[in-house]
Structure formats: C-alpha cells, structure tokens
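Please have the model open, and follow along one region at a time.

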Amino acid sequence: MMKKLTDTVVARWYRAVRRFSASHIAFSLISSGILILLLMALMFQTYLKNAYYQYLLDETTRTGRMILDAAAANLNGSFREALLAGAVAATDTDLQTVAERVCTGDGVTVQDRLALGTKLRDVTNYGAYFAAATVFTEDGLLMEYGRYWGDSGYRTAWREAELPVMERLYQDVMSHTDSGGTVYRAEPQAYRHPAYPEMRLVHLAFPLVGGKVRIRDADAVVILTFRLDRLVQNSGLASGQQESIVEYITDARGNLIFHNGGGCQVDETLLQLHAKPLNYFGWTLHTGLDARRIEARVNEMYAQAGVVYFVLLVLTVLVWQLSIRRILEPARAIRNAMERIGGGAFDSRIAVRGKHELWQLAEQYNRMVAALERQRRETQREFQEKTLSVQRQNEAEREALESQINAHFLFNTLGAINYSAIENGNTEVSELLKSLSNILFYSFSKETRTVTLAMELDWVRQYLYLQKYRLMDVFDYEIHFQEEYGEWPCCKLFLQPFVENSILHGFEGWEQGGRISIVGRSMGGRLLIEIQDNGRGMAPAEAGSIRSILNETHALALKDAERAGIGIRNAIARLRMYYGEGLSVSLETAPGRGTQFSFLLPIPPEFMDAGSTLEDEV
C-alpha cells in the first residue's frame, strides 16, 4: 500500500514537472544547462581525482627515494659512530684494569666498584643515543650502568629473562676473537625497557681488550646499549614529513627491527617502493607507500571540491535564471500585448528596452500592430464609404423616381417648342433646343451612369455651345481628342464642373477674349486629359483648398471640404470611387495666368493591349 502511494505521488510530480517544462522555456533551458554542467563537473572531477591521485603517487615515490637515500646515509654514519665508540670503550685500559680487579674479587674495595661504575657512565656519554654500558664475564654480569632508569624501579638494564641474550652475545664475541674478522656482535632484536616502553634498545658487544696486545687475551665483554629510536630520529627517517610514506628496518632474516609508525609488523597493504641494504649488522632500510592515506586525502579533497561545485552550481543557476528572465522579457511582453489585443485593446504597444533579436521581434510586433490598426481603420473607412455610396445611390434613385414625371414633361415640352421653331423656319432656335434637350436627357438618364469618353466629350461640346451662345463673345473653346480613346468607359459628368469653373470664375467680368481648351493624349501608360483656360486664375488660398481636395486619396473625406465648390467636390468623389488609386488630378494656376486641371486616367484592363499600341503609335 505504501509503495503504491509513493508511486502515485512520484507520477503526479512527474506529470506536474512535464507540464511546467512544456509551458516555460526557461525551465527547459535551465534544466538542460544544469544537466550539462553536472555531467561536465562529474567528468572533470573524476579526471582530476585520478590525475591528482596518480600525481601524488608519483611525487611520493620520488620523495620516498630521496628520503631513503638520505636516511640510509645518516644511519650508516650513526652506526659507524656507535662502533667507533664501542671500539674506544673496548680498548680503554682503565676500564679493563678496573673490570679485572673487580672480577677477581681479591681485595676489591668500594672505590674499585665505584670506579668501574664511573667508567661505564663515561662510556654512555660517548653519544647522545647511548642508553647503557655493561661488562659481562664468563661468570656472568659484572656491572652495568643505565643512563635513564637509575631512578626507576628497574635499576638494571637486564632482567633475568634477558640474561640469556647477554650470555649469547658474550659467547658469540669470545668465539670470534681468533677468527681475524669482525669481533663485535649486534643483537638483531630491538628491545623495550619496562620503564620506558617508547625506547627501542639495540645491544653491541665488544671484547674488552684494554691494554692487551692480542684480542684473544680478553677475558670480558663490554656491551653498549644504544637507542635505535633516537638514532633513527636523528637520521631523519622518522621526521614525519610525508605521513603517507612508511619507513622500517629489517634484519638479515627479514624480521622487523624498527617501524616509524610504532607498530610491530608491516601492513600488508603497503606498496613497497624502495629497499636499501645498510652497511652494518646485515640490516635493510625499506620505504613503503600507504596508498589508503593518499586515497583518503584525495577523497577528502574530492568531497570539498563537490561542495564548491555545488555552491558554484547554485550561483550559476541563479545567474542563469536572472539572465534568461531578462532575455525572455520581450517574449513575455509580446504575450501580454497579445492578450490585451484579444481583450479589445487594438492599439496595444510594447515598450522596447533593448536591441537584441527578441527586442527586434518586439519592434516587428509593434510595426505589425500598427499596420493592423491602419488596415482596421482603412477597412472601417471603406465600409463607411461604401455605406455612404449606397446611401447616395439610393437617394439618387429616389430623386430620379420623383423627378421622372417632370423630366418627361420637360422633354415633351422642349420637343413641341422645337417643332414650332422648325415650322417657323427658326433653325438657330431649333439647334439650341436640340442641344439643351440632349444635355438634359444625358443628365437625367439613369441608363447612362457609366458612359464612354466620346459620349462625355459630346455632352461637354453641347454644353459649351449653349454657354457660348448665352455669353456671346466672352470665350471660345476647342476640343482635341483622338477617336481611338472614344470607346473607353469613364465616369459620367466628371468634366462639366471643371469647365463650368472656367466659365463662371475664370471669365468673371470679361466681355471677350476667353479661351477654353480640352486636350486628350496618352502619357506614361495612362490617358492625360487637360482642361485649360486663360482666365483670371485663382488666389493662393483658393488654390490650396482645391488642391487639398484633389490630393485627398479617400473619397469619404471629400464631404468635409466646405471651401471647394460642390460640383468639383462631387466630381472628385465620383472619380475616386470609379478609378480608385490609379487616378491622379493636379491643378496649375496663378492670379492672372489662367487655370489648368490635368487628369491622368488609368487604362481600363480590357483596353490594356490596345492602349499600349496607341501609346507606341503616339
């Protein structure tokens, strides 16, 4: 039951972490970064641990060799000094004389025994590492002197259990006095004194020759006991400079004589580094490597490094978190802005506070929002324009229906007057009536909302004919237009307001000399129509008002231009709705220099090839 509950909790946490990771890119980045750092740290630490362990082994091995050579030289020197001191004691005549006198027992006085004790004390003072001096004869222990244990409970260097060792040394020395070789003997074992267990004692035995000529004449043996522990310490072997290096001394049979660790045996796990035979006693000096200490030291450093890596990892994660939050700040700003747009705030913008790629994305987002806002406004404007156009069309149709009866009545009346004029022979009046009737029919006919350029120019020609008749000699007019363009569709009644402007305002107050010119020709892939007069021209303020209407690209805005004439305003509005962005209208005028309106009309798609051919021909 407990295992099932644990599995459920772990699965729930796992799903929660997956959901959080899927919705937060920073979590994925930081997690992958931590994993990479941990793997790199583990690999680096493992490599560093092995490399450092091998380095310590190599350096310790080299150091062990140096320690071994130096210690062996020092030990050999110390052993040589001990042997020299023993030789001096063995040839001391006073010592030999006093010892023989005490040994015979004939007339031995207290002074003789004191003299022998004094001589033995002097012998122990030959070196700082001598601990005791003893004279041994065939009858046994004659006398001894101990430097350290005179005030202890053990007033002798030798106990009864150790007397066989002394006897063996005596027999060994005496049996070699005639051999001609080395006459001293050393006890291979290092003993411990009961009162001073820290001391390691080694015995050297010499024949007490004194003033005798031949060694075989010696009757006693002088045994010098020296402290091996102090001698080794003075040699530098037990200085403890390298705690992982173990030094020890063995005899010829491989028995352990000295160990700098104080043990009585050598650890079998030691790595044997070097061994060097000493010059005396058949002893050998060894150095070993305690690899466990080195490994423990490396592991300790490894654990400390792990703590340091953990702290660095935490700091890295914190710095990484702050950096990623700063880097992803534009993404959060874009998300918040998009949420505000979803709530209806279409003018939501992002405050850009950097220059890197994500902030550039935020700038692009701002430009996109601005473009969408412009498009939304343009769509709204077009919708209003279409609504207004439909309203105007409905009004026009309603007005046309209301005036249909009046228009028929007017046409019938003009036709009756025209017949009357013809019957009376008044042809001029008949021509005027026909022109007026055509003008009215063209204006009122709803079947001709979209006309051709030829029809529009014919209507303007009749309009100018009537206006010239009405004003007599005020102006003349001329129309130059190629017939090839006559079949092009155009907006109905778009020229009349501009022609009327020349008549009513350009020639105001004139009695004669006016001239109106209408010219049509191709230019730059479009049709250019110019309406020019030589009238009074326009003042700068009036010309500016007209140009603001001509340059306005939105037809809906034209309804607010109150300063312009209603005819021009309506004509421009209809032209914009008919031709769209392909239309261009310009005005050139100056006081006293006349007025010229220029229309650049786009070629209709169905006349595109023909228009290109005509342009090439022109």
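Predicted model: local features only at pLDDT ≥ 70, side-chain atom pairs only at ≥ 80, totals over all residues.

## Salt bridges

The side chain of Arg461 meets that of Asp458 in a salt bridge, with 3.8 Å from N to O. Asp458 is also partly exposed, at 36% relative accessibility. How far apart are Arg461 and Asp458 in helix H11? They are 3 residues apart, so about one helical turn separates them. As a general point, an α-helix has 3.6 residues a turn, so residues three or four places apart point the same way.

How many salt bridges does a search of the whole structure find? The search gives 9. Another one of them joins Arg521 and Glu530, at 3.7 Å from N to O. Here the two partners fall into separate classes: Arg521 is partly exposed at 35% relative accessibility, while Glu530 counts as buried at 18%; the cut-off for buried is under 20%. A further salt bridge links the side chains of Asp229 and Arg227, with an N to O distance of 2.8 Å. Asp229 and Arg227 are both buried.

E5 belongs to an open sheet of 5 strands, in the order E2-E1-E5-E4-E3 and with antiparallel pairing. Which strands stand at the edges? They are E2 (140-146) and E3 (185-186); each has a single partner strand, so one side of each is left without a neighbour in the sheet.

Strand E5 (residues 220-227) pairs with strand E1 (residues 130-137) over 7 bridges, in the antiparallel sense. In this pairing, Val135 stands opposite Val222 of E5, and Phe130 stands opposite Phe226. Strand E4 (residues 201-208) also runs antiparallel to E5, and 8 bridges join the two.

Is E5 enclosed or open to the outside? Of its 8 residues, 8 are buried, so E5 is largely enclosed by the rest of the structure.

## Strand E9 and its partner

Strand E9 (residues 284-289) is mostly covered as well, with 6 of its 6 residues buried. Thr284, His286 and Gly288 lie on one side, Leu285, Thr287 and Leu289 on the other, and both faces are covered. E9 pairs with strand E6 (residues 245-250) in the antiparallel sense, over 6 bridges. In that pairing, Ile249 stands opposite Leu285 of E9.

Which residues make the nonpolar surface patch of about 730 Å²? They are Val307, Val308, Phe310, Val311, Leu312, Val314, Leu315 and Leu318. Of these, Val311 is found in helix H7 (residues 291-327), and its relative accessibility of 43% makes it partly exposed.

Helix H14 (residues 566-579) has 14 residues, which at 1.5 Å a residue should span 20 Å; its end C-alpha atoms are 20 Å apart, in agreement with this. Its buried residues are Ile568, Arg569, Ala571, Ile572, Ala573, Leu575, Arg576 and Tyr579. Gly580 follows H14, with a positive phi near 70°.

## Loops and cysteines

Positive phi values also turn up in residues other than glycine. Met472 has a phi near 60°, and sits in the loop between helix H11 (453-471) and strand E11 (475-481). Met472 is exposed, at 54% relative accessible area. Leu493 has a positive phi of about 55°, in the loop between strand E12 (489-491) and helix H12 (496-506).

How many disulfides are there? The count comes to 0. Cys491 is buried at 7% relative accessibility, whereas Cys103 is partly exposed at 32%.

Definitions and conventions
Residues numbered from 1 in each chain as written. Heavy atoms only, no water. Patch = residues over 30% accessible without salt bridge, like charges linked within 9 Å, V, L, I, M, F, W, Y side chains within 5 Å. Areas by Shrake-Rupley, 256 points an atom, 1.4 Å probe, with all protein chains shown as cover. Salt bridge = Lys/Arg side-chain N within 4 Å of Asp/Glu carboxyl O. Helix = DSSP H or I, 4+ residues; strand = E, 2+ residues; numbered from the N terminus. Buried < 20%, exposed > 50% of the residue type's maximum accessible area, 1.4 Å probe, protein only. Disulfide = S-S within 2.5 Å. Pairing = 2+ DSSP bridges. Expected span 1.5 Å × (residues − 1).
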